[in-house]
Amino acid sequence: MDMMAMVSTMLAAQQGALQSNISATLTKQNMDMEKSTVLTLMGAGQPSLANVGAGVGANLNVTA
């Protein structure tokens, strides 16, 4: 194997490793974003008043 072939092989291997690292980073960021979206949609522990009747959860005037 001549020197140029060995150098080009090493550069190709480095490029492949770089692409793999970038891909892993982007995948992790996408997964974190999806997790955040799901937690937001589920309420993330906050009580939801979406399925209760009108007036439930509103302020109560007790001065009367």
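**Burial and surface**

I began with burial: of the 64 residues in the protein chain, 2% count as buried. I kept in mind that this is a predicted model. Next I looked up the accessible surface, and the protein chain exposes about 6000 Å². Carbon and sulfur atoms supply 63% of that area.

**Fold**

Helix 1 covers residues 3–42.

**Nonpolar patch**

Which residues form a nonpolar patch on the surface? I noted Met3, Met6, Val7, Met10 and Leu11, with about 500 Å² of accessible area together. I took a second look at methionine 3, which is found in helix 1. Methionine 3 has a relative accessible area of 59% and is exposed; the cut-off for exposed is over 50%.

**Salt bridge**

How many salt bridges does a search of the whole structure find? My search turned up one. As a reminder to myself, side chains of opposite charge can pair when their charged atoms come close. Here the partners are lysine 28 and aspartate 32, whose side chains meet at 2.9 Å, N to O. Because lysine 28 and aspartate 32 are four residues apart in helix 1, about one helical turn separates them.

I also looked up how open each partner is. Lysine 28 is exposed, at a relative accessible area of 52%, while aspartate 32 is partly exposed, at 40%.

Note on methods:
Residues numbered from 1 in each chain as written. Predicted model: local features only at pLDDT ≥ 70, side-chain atom pairs only at ≥ 80, totals over all residues. Heavy atoms only, no water. Patch = residues over 30% accessible without salt bridge, like charges linked within 9 Å, V, L, I, M, F, W, Y side chains within 5 Å. Areas by Shrake-Rupley, 256 points an atom, 1.4 Å probe, with all protein chains shown as cover. Salt bridge = Lys/Arg side-chain N within 4 Å of Asp/Glu carboxyl O. Helix = DSSP H or I, 4+ residues; strand = E, 2+ residues; numbered from the N terminus. Buried < 20%, exposed > 50% of the residue type's maximum accessible area, 1.4 Å probe, protein only.
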